[in-house]
Amino acid sequence: MEAFKTKIEELAESRKITPEFLDYILHQATEEEREILCAKARKTAQSIFGKTVYLRGLIEFTNYCKNDCYYCGIRLSNKNACRYRLSLEEILSCCDKGEELGFKTFVLQGGEDPYYTDDKICELVRAIKEKHPSCAVTLSIGEKSYESYQKYFEAGAERYLLRHETANEEHYAMLHPKNLSGAHRKQCLRDLKKIGFQVGCGIMLGTPGQTTAHIYEDIQFMQELQPHMIGIGPFIAHKDTPFHDRPSGSAEETIALLAVLRLLFPKVLLPATTALGTADAFGREKGILAGANVIMPNLSPSNVRDKYLLYDGKICTGEEAAECNACLRGRMKKIGYEVADVRGDHPDFI
Ligand code: SAH
């Protein structure tokens with residue numbers, strides 16, 4: 001136990017981890033050891049952010065997608081998905097509701113939907129910024145050209161989420177069809193950073209074929225990229241995908257990885273994701289107690305929520321924005337945390 005404690009202190013001090021220790025933490029550590037890790041990560045997060053949690057209002061504005069990622073429920077080939085797009089007015093009304101509830105960040109997420117041309121995305125971003133000038137706009141709409149990203153930035157979007165999914169090219173090919181490459185996705189992240197976005201990368205834990213060596217490569221990629229946010233959630237199978245019968249990722253391992261990431265990247269924005277809340281009823285609370293500091297409640301209109309299904313069993317699909325908001329604030333309070341109604345930029349951007 002003392003030896004483990006020392007290793008955690010060393011990890012926090014050096015901000016480095018060996019593949020062997022990563023594997024030990026993910027697969028062999030005892031419950032007591034994991035609690036030592038989480039306590040250290042929690043303290044680290046609190047030393048930077050206090051006992052506060054930032055909210056991001058997620059608006060899932062289209063589930064049309066031209067890609068065919070093997071894990072994803074809204075993949076092109078899923079003929080059972082009931083497709084929808086939100087109009088500009090509907091999106092703006094989500095934001096209005098969001099600001100009333102105290103949200104200062106809106107995340108527009110969707111499939112890669114060619115209907116939304118660059119002009120349409122820019123129009124959307126401008127309209128939101130005009131009505132809500134004190135709020136941040138995050139885009140999460142996949143791989144685009146440098147020029148497109150530049151246009152979105154100039155229209156006023158300031159953050160972009162694009163999980164790299166896996167840094168290992170062979171593993172990437174196990175999860176995606178041939179027309180997609182990990183190298184291109186990584187290049188997109190570098191482009192986004194260069195343009196000046198606050199960027200979020202990330203992975204799913206427990207995807208088919210994933211090994212600890214892959215996760216180690218992911219960490220190395222993150223150390224090179226130095227993202228502002230890291231999104232981590234367990235892989236959860238969707239019934240209408242090629243991975244329908246694959247086992248889901250573990251909530252415990254996800255929580256342990258969140259804690260490791262907090263120690264390696266003390267200032268990073270780290271969400272306790274909806275997928276984690278789906279894999280474990282208290283996953284988001286446990287994530288916060290392991291060093292996460294962001295929650296992304298759903299702001300999508302309730303009539304489309306059960307259509308943006310990336311995986312089976314997604315929580316909060318039957319609720320209204322106000323209910324989710326009240327529920328999450330209550331959940332945070334119960335564990336001694338307060339939701340801060342601020343934009344919640346990365347510390348380097350303040
Ligand atoms: N089209 C956008 C948004 C993708 S959805 C893009 O390409 O970035 C956001 C994230 O959900 C994905 O990056 C992926 O990591 C995660 N996701 C997709 N399918 C999932 C599944 N079956 N289980 C858990 N997470 C999943």
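Two strands are taken to pair if DSSP finds at least two bridges between them. The structure described here is a predicted model. In it, strand 1, residues 52-55, meets that criterion with strand 8: the two pair in the parallel sense over two bridges. Leu55 stands opposite Ile295 of strand 8. On strand 9, the link to strand 1 consists of three bridges, and these two strands also run parallel. Here Thr52 has Glu338 of strand 9 as its bridge partner.

Together, the three strands make an open sheet with parallel pairing, in the order 8-1-9. Strand 8 (294-295) and strand 9 (338-340) are the edge strands. Each has a single partner strand, so one side of each is left without a neighbour in the sheet. Strands of a sheet pair through backbone hydrogen bonds, in either a parallel or an antiparallel sense.

The ligand site was examined next. The ligand is surrounded by 17 residues. Tyr71, Gly110, Arg163, Glu165 and Ile236 are the closest of these. By class, the shell consists of nine nonpolar, five polar and three charged residues. A polar side-chain atom of Glu165 lies 2.5 Å from a ligand oxygen atom. For Ile236, a backbone N or O atom is found 2.8 Å from a nitrogen atom of the ligand. Leu310 also places a backbone N or O atom by a ligand nitrogen, at 3.3 Å. On its own, the ligand has 550 Å² of accessible area, and the protein covers 91% of this.

Pockets were then considered. The largest pocket holds about 320 Å³ of space. Its lining comprises 13 residues. Arg34, Glu35, Cys38, Ile255 and Lys286 lie nearest the centre of this pocket. Helix 3 (31-49) and helix 10 (251-264) each supply at least two residues of the lining. Helix 3 gives the most, with five residues. Six residues of the lining are nonpolar, one is polar and six are charged.

The second largest pocket has a volume of about 190 Å³. Residues lining this pocket include Arg15, the run Gln226, Pro227 and His228, and the pair His346 and Asp348. Leu264, Phe265, Pro266, Lys267 and Val268 are also part of the lining. By class, the lining of this second pocket divides into five nonpolar, three polar and three charged residues.

The structure holds three cavities of 30 Å³ or more. In the second largest cavity there is about 80 Å³ of space. This cavity is lined by 14 residues, and those nearest its centre are Arg56, Thr138, Arg159, Leu161 and Met229. Strand 3 (105-110), strand 5 (159-161) and strand 6 (198-205) are the elements that give two or more residues to the lining. Seven of the lining residues are nonpolar, five are polar and two are charged.

Terms used: Residues numbered from 1 in each chain as written. Predicted model: local features only at pLDDT ≥ 70, side-chain atom pairs only at ≥ 80, totals over all residues. Heavy atoms only, no water. Near = heavy atom within 4 Å. Polar contact = N/O pair within 3.5 Å; in protein donor to acceptor, adjacent residues only side chain to side chain. Areas by Shrake-Rupley, 256 points an atom, 1.4 Å probe, with all protein chains shown as cover. Nonpolar A, V, L, I, M, F, W, Y, C, P; charged D, E, K, R; others polar. 1 Å grid on protein atoms, 1.4 Å probe; cavity = no way out; pocket = protein on both sides within 12 Å on 5 of 7 lines; lining within 4 Å. Points joined across faces, edges and corners; volume = space filled by probe spheres on them. Helix = DSSP H or I, 4+ residues; strand = E, 2+ residues; numbered from the N terminus.
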